[in-house]
Amino acid sequence: MADVTEAAPETAAGPENRPVKVKWYRSVFYNATILGLCSFAAPGLWGAMNSLGAGGSQSPYLVNTGNALTFCLMVISCWLTSAIVRYIGINGALFIGTIGYAPYSAGLYLNNRYGVEWLVIVGAAFCGISAGVFWASEAAIAIAYPEPRNRGRMVAYWLTWTRIGQILGGAVNLGLNVDRNQAGKVSYTVYIIFIALQASGTLVALFLNRPSQVQRSDGTPVKLTIFDNPWQEIKATTKTFFTKKFLFIILWIGQGVYSEAVFFTYNALWFSVRARALGSFLSGIVAVICGNLLGLWLDQNHIPLKKRSRRAFVVIMTLQGAWWLWLTINVTQYQRTQPIFDWSDPGFGRAFGVFVFLVSGFQLNYNFSYFIIGQISSSPQETIRLAALLRGTESAWQAISYGLNAVPIMAAVGGPYINFGLWGASILPAWLVIKDFGVNNDKTDVESHTEGQEELRKEEGSE
């Protein structure tokens, strides 16, 4: 059985939070880099293929069906992750989570080159089973490993690697298809490169430190622990789902992640092959810049938590609303005119710009969601549960989104309309959670960490 307490021993010299000399291969930055490389190889390259529009296929409908199956299975595997961590630890969960991505890419490769359809669905199933464990475990690691004062920047840095996958995929595809100014599917050579890179992610995961090995600059230990047996843990996770704060952010999570299928399908339907590749490349760069700026803002600890959280929320939601209005106007017109835009065509800028901004909005929502989870979590165990619930809820919304976008009319106009409505419906309940951050007796981001450590020590003492 894995060592599940993962507790760093106290030294005889004094408190746990005494600053220490950090070895580079035990540092938070090192572990964020390893986690980022895993995210690059697994979900990053998955996103790279989908950012080409429908996984690079000429028609988006089969791939959207496969993606819907992936996310349906991820709901289940995310829900079970905290129980899995009880036996194999957070490192083992991350390792297992990387395994299913290469079969998914293999299915897209065979479909692209030989027209084989069955492996798209089978590969999607393999991906869904493992990816849910990966998503939940990487989220828990990203929230729990950094010092609270640096969490925003470390999360943004980790998520940057995910977008680097998209940027690399777009660059490779743009180089291979720069002369293809018509609609169609991408070169199958792209898939061979992606399969090799995704297979490497499993090996990279072995280099992640266990929580007890991580050395923070402030000397505080990292503790990602599961004490309960699997059935108790599943019940605890379910109970956490029904807490008021989590229920209030479900629609907000949905409006953020439902968009992935919408803008990737938009890219597949209305652009040439080389324009799709350009979109994948440029949108990834803009998303990285926006995500890191948000992380920098969230870590401005000299600014009150109340002000940081509220201003970030208002800016993100205002921009999202503007972009959804823009997309709604576009798709309503394109449904009538049925254009295919290349970068040399009139109207390309208007059609292309909103895709870049929506990918950036997806990154902003992702980064901010980890900030929210870090604030509402009160213990290391709850961090794992909330991370699993966050990723499971994201998966449920994306299963719905990809499933609906497998229907032609929903892919063309229905998806943007629904997402615009979700954006509007999510504002008030999410605000009811955000408005309490840093108010009255609500914990600060540093106090959140301290309370978690105190609760952990109480649980250890009761063992």
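Among contacts (heavy atoms within 4.5 Å) with a separation of 6 or more, 88% join residues 24 or more positions apart. The model is predicted, with local features needing pLDDT of at least 70 and side-chain atom pairs pLDDT 80 or more, while totals for chains, interfaces and linings use all residues. Residues are numbered from 1 along each chain as its sequence is written, and side-chain values use heavy atoms, without hydrogens and water.

The chain has 16 helices and 0 strands, taken as DSSP runs (H or I, at least four residues; E, at least two) numbered from the N terminus. Of its 463 residues, 61% are buried, meaning under 20% relative accessible area with a 1.4 Å probe.

Helix H3 (residues 101-114) packs with helix H6 (residues 189-204) and with helix H4 (residues 118-144). Axes are lines fitted to C-alpha atoms over the stretch in contact, and angles run from 0 to 180 degrees between N-to-C directions.

| Pair | Angle | Axis distance |
|---|---|---|
| H3 and H6 | about 170° | 9 Å |
| H3 and H4 | roughly 155° | within 7 Å |

H3 is therefore roughly antiparallel to H6, a term for angles over 145 degrees. Residues of H3 that meet H6 include Ser105, Tyr109 and Asn112, and among their partners in H6 are Tyr191 and Gln198. This contact has 8 nonpolar, 3 polar and no charged residues.

With its crossing angle of roughly 155°, H3 is also roughly antiparallel to H4. The H3 side of that contact includes Pro103, Gly107 and Leu110, and the H4 side includes Gly123, Phe134 and Trp135.

Notes
Parallel < 35°, antiparallel > 145°, perpendicular 65-115°, else oblique. Nonpolar A, V, L, I, M, F, W, Y, C, P; charged D, E, K, R; others polar. Buried < 20%, exposed > 50% of the residue type's maximum accessible area, 1.4 Å probe, protein only.
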